[in-house]
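Good morning, colleagues. I would ask you to look at the model on the screen while I go through one of its chains and the neighbours of that chain.

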Amino acid sequence: MSEHHEHHIASAKQLWGIGIALLILTVLTVTVAGLGLPSPFDILTAMAIALTKAFLVAAFFMGLYWDTKFNSMLLIGALAFFILMVSITLLDTLYRDDIVPSF
Amino acid sequence: MANHSATHPKHVHHHFVDSNQQFESAKLGMWVFLVNEILFFGGLFCAYIIFRAWYPELFTQAALELNTFWGAVNTVVLIGSSLTVAMAIRSAQNNQKRGLEINLLITILLACVFLVIKYFEYEHKLHLGIAPGSFWNPTPEIAAVLDHPKANIFFGIYYMMTGVHGLHVIVGIGLMIWLYIRARKGHFNSEYYTPVEITGLYWHLVDLIWIFLFPLLYLIE
Amino acid sequence: MANVSTSANSAASTPMKLKVKQFQPAQTPTNTYLTDEKGVWAWLTTVDHKKIGLMYLGSVAFFFALAGFLAIALRTELWTPAKTFIEADTYNQLFTLHGAMMVFFVLVPSIPAALGNFILPMQLGAKDVAFPRLNLASFYIYVFGAIFTFLSLANNGFDTGWTFYTPYSSDTNSAGIIWVTLGVFILGFSSILTGTNFITTIHKLRAPGISWDRLPLNVWALYATSIIQVLATPVLAITILLLAMENILDIGIFDPALGGDPVLYQHFFWFYSHPAVYIMIVPGFGIISEVITTFSKKTIFGYWAIALSSLAIAFIGFLVWGHHMFTSGQSAVATTIFSFLTFLVGIPTGIKIFNWVATLYRGSISMKTPMLYVFIFIFLFSIGGFTGIMLGALSVDIHLHDTYYVVAHFHYVMMGGTLIALLAGLHYWWPKMTGKMYNEPLAKIAAGFIFIGFNVTFLPQFIMGAQGMPRRYYNYIDQFTPFHQTSTIGSYILALGFLIILYYLAHSLFKGKKAGPNPWNSRGLEWQSTSPPDFHNFSHTPVVIHGPYDYHQPIEEFQLGLAVEHGHGEKYLAADATGSEAAETTSA
Amino acid sequence: MGRLFDFMLPENKSPLTADSTDGLFHFINEASLVLFLGVVLAMIYFAIRYKRKSEDDKTPVITHNNTLEITWSVIPLLITFVVFGWGYSGWLNLKTVPDDAYEIHVTGFKWNWSVNYENGAQTINEIHVPKGTPIKLVMQSRDVLHSFFVPEYRVKHDVLPNRYTYVWFQAEEAGESQVFCTEYCGTSHSNMLAKVIVHEPDDFKTWLDENGGTPSGSPVEQGEKLVSLQGCQTCHSVDGSDLIGPSFKGIWGRDRNLADGSSVTVDENYIRESILYPGEKIAEGYQNVMTPYEGRISDEEITNIIEYLKTID
C-alpha cells in the first residue's frame, strides 16, 4: 500500500490488440461451427473459444489482470456457484427413473 | 468534522478518508454486484443446460431458425463497444476530455445498432409465429421443420435470455448517456473517473454474457 | 499516555506507524444523529445508516405486527376442525400472506437491514456504510416491494403458499400472483444491495486497528450473510421472473401442461430459499456472540471456530436445497447426496452452540434481559436444530414432510432462533440507539410470556405433525383438535408477550432513564461512542488497540479516545489485511 | 415398543415400510434429548454457579481449546453419519417395491383421489386392498401437484401431472387408514382425503369381482355413478347447498347468469360444454377452477350424466 496509489492505465495498443483478438476468435468460432464437428466436440470447441474470449475481456478490458486478487476471486467464485447450481440440478434431471404403468 | 472536510477533494464523500479509498470501494461494490448479475443470468443458463441435456435434438433443430450471420454481427458490435468503453476509461485516466466523449458516443451508437439488429431478428420470428408462450403459433412451413413437441420451450428460453440481456443493454445505454452528459460538463479527470470505471465494468459484463449466448443459441446446428 | 502498542501478530512484515492523538471521550452527547436533522423530510431523505436502520426497524416491526396478527387469525380459525369464522379461500390467502410477509418483509431484512445497518459501521469505527445513497435506495426498494405485494391483495390476492409451486401458481388466473411476484422480485434487489453494501463496507471501511482477527463476530456473521444474499438472491429474482412469465405468457419452462417440469421450479426456488434461511439465522448468531460475551464479561470461547463456522454454514448452505424435495420425485442420486450434505451443515451450527455454552464457563454472568433472550435462543434453537436432523434423515422425512412437524421445526428455527436473537439484539442495543433504558422487570416478564407462549404454541405441533396432520389445512380430522386448541391458546400468550414489549419500549422512549455511553460495560467499539451516537458515530476516526472481547484488559484502555491525528498518515487500514500495526500516541 | 417418544407416532399398520422409520425416529429423539439436556443443563448450571458478584469480577482468558473443538465436532459428525446411513437404508426400502406387489392406479385431481383396479373396477376416495400383500400404487395427477400420504404406513410421495410416481406398503390387519393430500392444491386441499380399506384376502376378491366389469344399469343410474366416481360432488352439491361450484339441484332448464353478464339456458349443449371446456362460460359468482374434461370422458358418459342431472330437482 503506497501512499499514492497509481491506477494502471492500459495502453491503446494493448486494448486494440485485445479487441482484434476477440474479433478473430468470433470469426473462428463461426467457422468451426460451420464445419459441423461431431456431437460433443462442437459444443466443446465453441465453449472453449467463448471462455478464451471471456478471459480476455475480464483480464484486460475489465482490468482484473492489474487489479487486486480479491476482485478476480469474486468472479471465479460467482462462476463456481453457478457451476454448483447447474451440476447439482443435473444430478436430479439426468438421473430420474421414469416408471411406466404396466396395465 | 469541520477540519476533516477541509482536506477532502470535492468528489470524495464525507465517510471516505481519501479518493483512493472511495475508488477502491466503488470498484469492489461493482464487482460484488456483477457476481449477482452472473448468478441472475446463471438461472437462465441453468434452465438452458437442463433442457438441452433432456432434448439435445430440439436445440440443434431450433437453432436453425436463428440467423447465425446477424448473431455474429451483433457479437462483433458488442465487442467493439467493449473496446470503446475501455478506450473511454483510458481517455479519462489521461485527462482526454474529447477522447472520453467520442468513445462514449461510439459506445452508445454501437449499443443502439445491437438493439436495432435484435429488433429485426425478433420481428422476423414473430412474423413466422415463433413467439413466446401463448403467442406460439408457427406457420405451417416452420411447424414442419420445427417438428418437436417442446419447441415452444426452446423459444421461451431464447426470448427470456435475449430479452433480459436486451434490457441490460438498454440500461447500459441510459448509463452511458448519463456519463456522456457528465463528461461534457467536465466532471471526470485522472483523479476522479469512478463512474466511468464502474459503468465500464457493467458494460463488459453485458458483453461477456453475450459472448456465451451467441454460441449457445446460434451456433449449435 | 506513553506508548500504547498492540502485540497481535507482531511477526507480520512491516508494522505501520500511525500518529495517534488522544481525546477526552464525550460522556454526554451534544449533536446526536437524532438531533442533527429534524423533521419527517430529513428522515425520509437521510443517508445516515443509523436513521435508515431505524426506518427498517420500524417497517419490520410493522410487518411483523401485521403478519403476527394474521397468524392469530389463522390459529383462531383452527380452533375447530371445520369452519370457525373464515372461509377456506380466505384462510388459504391468509396463510400465504403470513408466510410471504414473515419471510420476505420480516425475517430477511430484520437483523441485517435493521440492526445491522445501525451497528455494523459503528462496530467498524466507520462513519457510514460504503454507499449511503444506495442504502437509502434499498430501503425504498423494500417499501416498493411491499406496496406491490399489497396491490396484489386488491387484485384477487394470492393463495399459492409462500413457495409459489408450479403449476398451481402458473395456472391460477389471479392478477394477484403477478403483483406479488413483482413485489418479491423488487424486494430481492433491496436484499442484494444491502449485501453488496455490507461486503464493501467490511472490506474497505474498517478503522485503524480492526484487523480480520479483531472483527466482532457480529460483523463476521453479517459478512457471511451478505455473501449468501449476493449469491442466492439473484436466482430468486430470475425464478420469480420466469414464474411471472409463466403466468402471463405461458412460456412453458415450469408448466407440465406445456411440456415443462414443475420439479425444476422447485430446484430454482430452493436454490435461493434454502440459503435464505441462513440469511435469516446467521445474523442472529452474530448477535448471540456479542451479547453472551458482554454479559459473561469474558472473552469469547473459540473466536475462529465461531467466525469460520458462519462462513462454512454460508457455503454448505448452498449445497443442501434438495432436502426440501425428498418426496417431490427428484432422482435417487440427488436425494441421497442432498441428505448426506444436509447433515454436514448441522455440524458448524452445533459447534457454535457448544462454543457459546463454553464461553459461560467461569464467566461473570449477569442475567439482564438480552442475556435472558440468549438463553431462550439456545433452548429453542437447539430444539429447532435437533428436529432439523430428524427432517434430514431420509426415511423419517418421507413421513414428516409437509406436516405440522415441519411447521413447528421452522418456527423453532426462525422464530425461536432469528426473532429471539433479534429481541436479544434489540434490548442489547436499545440504549445505544435511543439513549434510554427500558423497564427491566417488565422486559423479563415479557420474555417469560414469549418463552412459555412459544412452547405452548409449537410443541403440540411437533406431536400432531408426527401423528400425520398435514400443513396448510383449513379443515382437519377430529383427533387433532386438542393439539390445535393448545396451540391456539399458546399463540395468544405469545401475542401478549409482544404487546408488553411494545408497551415498555414505547414507554422508555419518553420516560426511560438516560443510558450512559456504555450501560453494559461492553468492550465493543460501538459502546465507545455516546448514547445516542454522534451524527458521524464517533467524533474522530477511532484507533483500536484491543479486540472486541478483550475483557481481561481494563475498560479504561478502551476509553482512551484514541483517534487518528490529521495529516499524519491518516489512512484506514482497511486494505491492510495483515492486521499488524503499532500505534504511537501523543497526548492531546 | 415402550419407547419414550411412542406417543408421537400414529399406529404402525405396515411394519415392512414403517419399522425402520420408527426406529430411526426414536433413536434421533432419544439421542437429541440427551444432547439437548446436556447443553441446557450446562447453560443453567453455569448461569447459577458463575453468577455475577460485582461489576469488577475478573474472568479468566480462555480463548479456545482445540481438543474440545475437535471432540464436539467429530462426535456429532459420527452420530449424523449413523443417522444418514439408517435413514438411507430405510428410504431405499421405501423405494424398492417387492416384485410380487399388487398394482393399483391412483389419480389425484382437485380435490379427489380416483382409484382404478386391474379388472376395470373404479372407486373414488377409497382404496380397497387385501391384507398381507404388498401393494404398489402407481400415481399421477390430472392438474396440479398433490401428495399422497398415509401416516399409519409412513409412506408419502408427490403426485405429478407429467409423470408417474409410486408408493408401496403392506397392511397387516383388516381395517381403515387415513389418506391425506400433503401438497397444497387450492381451495379444498384440506378436504382431499381418502381411506385405505384393508380387507381379508378373500373379501377383497369378492369385492373386486362385484365391482369390476363394464358399467351397467339405466342411463340415469350410470350417470349418477359417474358423477360420484368423478368426484363432482366435491364442488357441486345435489341438495342445493352452495359449494365451490353451482349446485346441481334444479339446474336443468333454468336460465343461468354468467360472469360476463350474459345468460344462458342450462340445456344439453351447455352442460356438455361446461364439462369439456369449463372455462368457456363461467356462472356468475363462481371462479374458473374446474379442470377441463376434454379427452377424458366419452360422449356416451356425458349423455348419461345429463340424464342424471335432469332427475335432480
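Read along the sequence, chain B of this predicted model follows the pattern α-α-α-α-α-α-α-α. In total, chain B has 8 helices and 0 strands.

Let me turn to overall dimensions. The C-alpha trace of chain B spans about 75 × 30 × 25 Å along its principal axes. The radius of gyration of chain B is 21 Å, whereas a compact globule of 221 residues would have a value near 17 Å. Of these 221 residues, 50% count as buried. As for contacts within chain B, consider those with a separation of 6 or more: residues 24 or more positions apart account for 76% of them.

I now come to one pair of helices. How are H7(B) and H8(B) oriented to each other? Helix H7 of chain B, residues 151-184, packs with H8(B) at an angle of about 155°, and their axes are 10 Å apart. Angles over 145 degrees count as roughly antiparallel, and H7(B) and H8(B) are therefore roughly antiparallel to each other. Their crossing is left-handed. On the H7(B) side, the residues that make the contact include Tyr158(B), Met161(B), His165(B), His168(B), Gly172(B), Leu175(B) and Arg182(B). From H8(B), the contributors include Pro195(B), Thr199(B), Tyr202(B), Trp203(B), Ile209(B), Trp210(B) and Leu217(B). Sorted by class, the contact of H7(B) with H8(B) has 15 nonpolar, 5 polar and 1 charged residues.

Next, the neighbours of chain B. How many residues of chain B are in contact with chain A? There are 34, and they meet 36 residues of chain A. Three helices of chain B each supply at least two residues of the side that touches chain A: H2 (19-54), H4 (68-93) and H8 (194-218). The largest share of that side, 13 residues, comes from H2(B). By class, the side of chain B that touches chain A has 24 nonpolar, 8 polar and 2 charged residues.

Chain D presents another case. Chain B and chain D do not touch, and their nearest C-alpha atoms are 13 Å apart. Across the assembly, 5 pairs of chains touch, and the most contacts among them are between chains C and D.

Thank you for your attention.

Definitions and conventions. Residues numbered from 1 in each chain as written. Chains lettered and ligands numbered in written order. Predicted model: local features only at pLDDT ≥ 70, side-chain atom pairs only at ≥ 80, totals over all residues. Contact = placed C-beta atoms within 7 Å. Helix = DSSP H or I, 4+ residues; strand = E, 2+ residues; numbered from the N terminus. Nonpolar A, V, L, I, M, F, W, Y, C, P; charged D, E, K, R; others polar. Rg over C-alpha atoms; globule rule 2.2 N^0.38 Å. Buried ≥ 20, exposed ≤ 12 C-beta atoms within 10 Å, placed from the backbone. Axes fitted to C-alpha atoms, helices over the stretch in contact; angles between N-to-C directions. Parallel < 35°, antiparallel > 145°, perpendicular 65-115°, else oblique. Left-handed = near helix turned anticlockwise from the far one by under 90°.
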